[in-house]
Amino acid sequence: MTHTRERAVSRRGSGLVLRIVPPGLYSGRGGVIVERALVVNRRAWLAIVSGFFEPVLFLLSLGVGFGQLVSEVAGPGGQPLSYATFVAPALLAASAMNGAVYDATFNIFFKFKYARLYDAMLATPMGPLDIAIGEISWALLRGGLYSAAFLLVMLGMGLILSPWALLALPAALLVAFAFAAVGMAATTFMRSWQDFDLVQLAVLPMFLFSTTFFPLSVYPAGVRVVVQVTPLYQAVELLRGLTTGHVTWAALGNVAYFAVMAATGVVVAGRRLAGLLLK
Amino acid sequence: MTTVDLPLVRASGLTKHFGDFEAVRGIDVEVRRGEAFGFLGPNGAGKSSTMRMVACTSPRTGGDLRVLGMDPDVDGPRIRSRIGVVPQEDNLDTELTARQNLEVYGRYFGLSRAHVRSKAVELLDFAQLADRADHEVEPLSGGMKRRLTIARSLVNDPDLLLLDEPTTGLDPQARHLLWDRLFRLKQSGVTLIITTHYMDEAEQLCDRLVVMDGGRIAAEGSPQDLIARHSTREVLELRFAPGDQDAVVPVVTPLADRVEVLPDRLLLYTADGDGVLDAVHARGVRPLSSLVRRSSLEDVFLRLTGRTLVD
Ligand SMILES: Nc1ncnc2c1ncn2[C@@H]1O[C@H](COP(=O)(O)OP(=O)(O)O)[C@@H](O)[C@H]1O
Ligand SMILES: [Mg+2]
């Protein structure tokens, strides 16, 4: 028995994260939360599969149906694109956002507030940062499956114009990571279900106006700046560039945007959870 | 670390504040290996706050605390890997079955899958839940959930087990079943720390205990010690019709070592309950009912704090 215990202790993770967060917040064991989620969802795979269909239905309705009315749209470099080719990467970005935000807000609020799941976890060697990283990883794993499937559908429909699209999957994961991290951080400030209306208030306008369905050129100059700072716009730019093959140095700017967003979200979420749970 | 006589928990001047409120006001405690140690006190005494500090899930405000020889502020995860915690409120994972609750919890400790699988079987047996192993936990009875929570706390073979009000809210049969399980643990050498506001639970389970009230420790010792030190051998309880009680107090006070006036009865502390009852009758006092019993921890608490344990 003692040897298992020794191993349990020595297995505590190491590395950069351990150096920048206070001791006790992180033990390098977030993966177990993903394991738990797999056990929980073992019987709920149908619910998971259904999550894949939403962006595909949007693609069929808008890209194929509505697209018949629109001859061509100007793509990232100004080159003409079919409407379906234009809208598909944006739907990929939006579904990465929606999935991550949903997982990181509603699901986590429930576990935190009602199920007291995290209280139980924190009585073990796990720390709040393990919880943040574990929950976000699970959201990513699921989101990654959806993104990969959606990219395959795009490929089948001839909506992928460049091998750069291979990078669209990791890019979509990064986007989801950033949204999940910030969503989780935001959740730690919420007091009741009413506060979630604010989440909708942030997510829905972004979905509608962040060049998901039409190019930035439709906006007057002053509004463009507002659109351009939104994270969904950054995500759409990045993914649209990759699937249409118009990749510029600006893509690195998009990546940096999400790296900062993700890191800030994780640290704030971990610390806030610590403050709320370790009273 | 391996020194046998090193106390598993040592607190001195331990305090816990929530904002301006002082929940724990400087307590000194030592828990030795192999004993069952109790915190007896009413709601709000600061028992759970103390337990959470020992469990390293709540940072202390002041004073010194060592658990298994380590400082929770520094070695929280390492300490937690060697203790088991049964919180006051069950927090089982309602999305998992009973068995999965044990297995997944074991994984939080970094134990191998094979190990937690066999451990879960052993613990389900111990908790007498083998026939419910693959059921959801929500429909389980209160007693079953409590036993499962205790089983869960044992998944890492802890050196020290913290039980916060293990039987509050359970019916008598479920309590006895639980006490039996805790006895077995004690017998097998696990060090237990138990909080309770039931004096019978403290008397049954604890080798040594502290009486806690208002964030302070009022007394410390074995149940027998405390009774011998702070109470008399017997107690005579007298009940009267509403309104009659006040007039009787001056009459019976000289007959006993000490008299406590409760809203619904008088308690007369004495070495000889029957003798005092005769004397009471001889003075023409006619209570509705009377009862002679041995002193309990409840009486100790009343003596020390002027209040009853359960209101
Ligand atoms: N998180 C908290 N925030 C503010 N006050 C608290 C908190 N936890 C406990 N208290 C207060 O501290 C006192 C002691 O509580 P507690 O330790 O739970 O007592 P017990 O377990 O003996 O009933 C109570 O008055 C309670 O209201
Ligand atoms: Mg309590």
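View 1. With a relative accessibility of 34%, B:Gln88 is classed as partly exposed, a term for values between buried (under 20% relative accessible area) and exposed (over 50%), found with a 1.4 Å probe on protein chains only. B:Ser48 is also partly exposed, its relative accessible area being 21%. The magnesium ion (ligand 2) has B:Ser48 (OG) and B:Gln88 (OE1) as its protein donors, at 2.0 to 2.1 Å; donors are N, O and S atoms within 2.8 Å of the metal (3.2 Å for Na, K and Ca), and sites may look incomplete because water is not among the atoms. These two residues are 40 residues apart, B:Ser48 in helix H1 (residues 47-54) of chain B and B:Gln88 in the loop between strand S5 (83-86) and helix H3 (98-108) of chain B; helices (H or I, at least four residues) and strands (E, at least two) are DSSP runs, numbered from the N terminus.

**View 2. Helix H11 (residues 231-244) of chain A.** Of the 14 residues of H11(A), 13 are buried, so the helix is largely enclosed by the rest of the structure. Just after H11(A) comes A:Gly245, with a positive phi of about 80°.

View 3. B:Cys56 is buried at 8% relative accessible area, and B:Cys206 is buried at 6%. Counting as a disulfide any pair of cysteine sulfur atoms within 2.5 Å, the total over all chains is zero.

**Notes.** The model is predicted, so local features need pLDDT of at least 70 and side-chain atom pairs pLDDT 80 or more, while totals for chains, interfaces and linings use all residues. Residues are numbered from 1 along each chain as its sequence is written, chains are lettered from A and ligands numbered from 1 in the order in which they are written, and side-chain values use heavy atoms, leaving out hydrogens and water.
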